[in-house]
Structure formats: structure tokens, C-alpha cells
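Hi,

Here is the structure I promised to pass on. Please have a look, and then read my notes below.

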Amino acid sequence: MRQGKANKTIAYALRLAPNTVKVHVRNILKKVRATNRAEAIYKINAMFDEIA
């Protein structure tokens, strides 16, 4: 997700169904309290910056 890949691409790489990836992405958005993928990536990157 951080690399900007589409759900279908992620699903193929992980050998999962696209709907499974969609559910996981939705759960990630909820977990980081983001409204879209871009906001989620921004928040996740900020979390990694705090750790380093």
C-alpha cells in the first residue's frame, strides 16, 4: 500500500482475492483513523519516523 499499488496488484502478489485485500485496506484505514489511502500512508510514514 505504501508503494501505491492497486488492490488487484497486491492481491496477485500475495495470492489473495482482491476483495480480501480490500477488506484489509479498509481495516488499516480504520485503525489509523484515515479517510483515504493517501492519508493512511502519510500517517503510517509518520509513525515510522517517530520510531527511528
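One cut-off first: a residue counts as exposed when its relative accessible area is over 50%, and as buried when that value is under 20%. Note also that the model is predicted.

Arg 15 has a relative accessible area of 80%, so Arg 15 is exposed. It sits in the loop between helix H1 (7–14) and helix H2 (18–31). Its phi is positive, about 55°, and Arg 15 is not a glycine. As background, most residues other than glycine have a negative phi.

Arg 33 belongs to the loop between H2 and helix H3 (37–51). Arg 33 also has a positive phi, about 55°, without being a glycine. Its relative accessibility is 71%, so Arg 33 counts as exposed.

Now the overall picture.

- Secondary structure: three helices and zero strands. The order from the N terminus is α-α-α.
- Dimensions: the C-alpha atoms fill a box of roughly 35 × 20 × 15 Å along the principal axes.
- Burial: the protein has 52 residues, and 19% of them count as buried.
- Surface: the accessible area is about 4,400 Å². Carbon and sulfur atoms hold 57% of that.
- Residues 24 or more positions apart account for 37% of them.

Arg 15 is in the loop between H1 and H2, and Arg 33 is in the loop between H2 and H3.

Best wishes

Conventions. Residues numbered from 1 in each chain as written. Predicted model: local features only at pLDDT ≥ 70, side-chain atom pairs only at ≥ 80, totals over all residues. Heavy atoms only, no water. Helix = DSSP H or I, 4+ residues; strand = E, 2+ residues; numbered from the N terminus. Buried < 20%, exposed > 50% of the residue type's maximum accessible area, 1.4 Å probe, protein only. Contact = heavy atoms within 4.5 Å. Areas by Shrake-Rupley, 256 points an atom, 1.4 Å probe, with all protein chains shown as cover.
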